[in-house]
Structure formats: structure tokens, C-alpha cells
Amino acid sequence: MWIPKASIRWALLAGVMPALVFFSAPLVITYDSAHYLQYLPILRGDAPVETWDVGRGAGFPIWLLVVVTFLGPGPTAALVASSACACVVAAAIYVIVNHALGTSSAQRWVPWVAACTIFDPTSFGYFHTFLTEYLAATFFTVGVAVVAWVYQRADLKPRQRFVVDIAIGLLTVAAYHVKQPYVAASLLPLLVAMSLERNASAILKWGQSLLTSIVLLAASIVVWNAFLPTTGKAGNSKRMTGALVANNLAATCIRGATGVFRDTDSNIDVWR
């Protein structure tokens with residue numbers, strides 16, 4: 001296994017810390033958070049696809065649907081999901097520090113690096129806010145970790161390198177469809193790795209990784225743009241205030257502790 005047992009132990013420790021502390025603070029739901037919740041009835045088939053606002057990507061609503069499906073409805077489930085992402089970030093930080101300093105140094109430093117990163121007020125706040133930023137942090141640290149791991153392994157076989165390239169490409173696609181600027185999460189580490197190489201063959205391999213990501217990203221954009229007209233959308237964004245839960249919060253029914261929101265205009269459960 002490419003990660004030593006000691007590495008796994010420290011990664012789990014650094015991941016459990018934020019998972020435990022996370023529940024000391026509540027989830028913050030903002031105006032934009034409510035807009036994302038508007039997409040759940042569409043993905044569940046309770047609202048017509050024509051009501052999809054193309055001003056937002058499909059990535060985060062799909063992530064929310066996965067969270068609701070497997071963890072249940074309400075703010076607690078969303079907080080569990082964000083804390084799980086924090087654990088992934090902590091583990092990725094260990095991989096990065098391990099490859100930068102070596103295993104022995106990483107064992108000493110990674111708990112502090114992870115703690116300072118996760119519990120930094122800005123990071124802690126975003127991981128407790130119902131927005132896309134915590135996914136951006138997850139994408140970026142995972143992207144850097146994967147590139148750092150590959151950078152230390154010039155002996156990867158072509159088939160192994162191809163699998164890694166596809167994985168990085170899929171990360172790029174996922175990041176883009178959450179929010180377009182997040183493509184930097186994987187493309188920027190690839191460019192940095194390429195700039196650090198002095199061997200033409202190694203540079204060519206990183207170029208292949210970059211090209212794979214660009215091709216997969218372009219294909220996903222073509223598919224998404226082809227799909228939108230079939231829903232009756234012309235590709236323009238129309239923010240319908242009456243459909244946003246945030247603007248109806250005063251008239252919205254919050255059912256007990258389950259965190260179920262009902263859009264009183266359409267009479268549809270938005271978060272259930």
C-alpha cells in the first residue's frame with residue numbers, strides 16, 4: 001500500500017479532530033444556500049426541469065441530493081457531509097506534507113498543519129456555511145495531494161498513469177460543474193508540477209495529464225449545453241425571487257427538528 005500505516009494513523013487523527021469539533025457550531029444557511037435548495041425538488045422530479053436556473057451549476061445540487069439521500073434531511077446531515085469533507089482535507093494535507101517533508105517529519109507536523117488549516121476562522125466558517133466553498137477546499141487539497149503523489153513516482157506504468165490522469169480529469173469536471181473557477185483545484189497543481197520538471201519526458205507526461213483534463217472538461221460542457229435546450233431552457237439565467245426559499249423564509253414552514261423547508265409558492269418540500 002502506498003500510504004504507510006503510520007500515515008493512516010495520523011491522517012485519521014487529524015480527520016477525527018475536526019469531525020468532533022465541527023458539531024460545536026451550527027450550520028449557517030444564507031440567501032445563496034436557499035437558492036441551492038431550490039434545485040432539490042427538480043432533481044427528485046417534484047418540480048419541472050424548466051424551472052432550473054442555469055445561473056448555478058449542477059454539481060452542488062447533485063451533491064446535496066446525495067447527502068439528503070444517504071444521510072437524511074436537514075442541517076445536521078449537511079453538517080455531517082461538510083465534516084466528512086474536512087476529514088478528507090486533513091488526510092490530503094498529510095499526503096502533501098508527507099511528500100514535501102518525508103514521513104517522519106509529516107508525523108510531527110501534520111496534526112498541527114491540519115488543525116491550523118481546518119480551525120482557521122475562515123476555513124471553519126466556510127465549512128459551517130451551506131455553500132460551495134467547502135467543496136472547493138476539498139477539491140483543491142485533493143488535487144494537490146494527487147499531483148504531489150504522482151510527482152514523486154516517475155516509475156508509474158503507462159496504464160497506472162492513465163488511470164491517474166482520468167481521475168484528475170474527473171476531479172476537474174466535478175469542480176467545474178460546482179462552480180467554474182474551481183477548475184484551478186486540479187489544473188493549477190498540474191501546471192505547477194509541469195513547471196518544476198526539467199526532463200522533457202516528464203513534462204510531456206504532465207502535458208498529457210493536462211490535456212486529458214481539458215478534453216474531459218470540454219466534453220462535459222458540450223453534454224451539459226446540449227442537455228439544457230431539451231429542458232426548455234435557452235441558456236439564460238432568470239432569478240425568480242418568489243421561487244427562492246430565502247425570500248419566503250418568513251412564510252416558510254420548518255417542520256420540527258428535521259429541517260424540512262416548504263416553498264409556500266409551489267407547495268413543494270424543498271429540503272426533506
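Which residue lies over the face of Trp206, and at what distance from the ring centre? It is Arg161, at 4.5 Å from the ring centre; a charge counts as sitting over a ring if NZ of Lys or CZ of Arg is within 6 Å of the ring centre and within 35 degrees of the ring normal.

The model is predicted, so local features need pLDDT of at least 70 and side-chain atom pairs count only at pLDDT 80 or more, while totals for chains, interfaces and linings use all residues. Residues are numbered from 1 along each chain as its sequence is written, and side-chain values use heavy atoms, with hydrogens and water left out.

Arg161 also takes part in a salt bridge with Asp165, at 3.5 Å from N to O. A salt bridge here is a side-chain nitrogen of Lys or Arg within 4 Å of a carboxyl oxygen of Asp or Glu. Both residues belong to helix α9 (residues 158-178), where they are 4 residues apart, about one turn of the helix. Helices are DSSP runs of H or I with at least four residues, numbered from the N terminus. Asp165 is buried at a relative accessible area of 0%, and Arg161 is buried at 9%. Buried means under 20% relative accessible area, exposed over 50%, and partly exposed in between, using a 1.4 Å probe and protein chains only.

Searching the whole structure gives 2 salt bridges. Besides the pair in helix α9, Arg44 and Asp46 meet through their side chains at 3.3 Å, N to O. Arg44 is partly exposed, with 23% relative accessible area, and Asp46 is partly exposed at 33%. Side chains of opposite charge can pair when their charged atoms come close.

Turning to the aromatic residues, the structure holds 5 aromatic pairs. Rings of Phe, Tyr and Trp (its six-membered ring) pair if their centres lie within 6.5 Å; planes under 30 degrees apart are stacked, over 60 edge-to-face, and the rest tilted. Tyr36 and Phe60 have ring centres 4.7 Å apart and planes at 75°, so this pair is edge-to-face. Because Tyr36 lies in helix α2 (residues 31-37) and Phe60 in helix α4 (residues 59-71), the pair ties together parts 24 residues apart in sequence. Tyr36 and Phe60 are both buried.

Phe60 also pairs edge-to-face with Tyr134, at 6.4 Å centre to centre and 75° between the planes. Tyr134 is buried, as is Phe60. Ring pairs join Tyr36, Phe60 and Tyr134 with Phe127 and Phe130 in a cluster.

How values were computed. Helix = DSSP H or I, 4+ residues; strand = E, 2+ residues; numbered from the N terminus.
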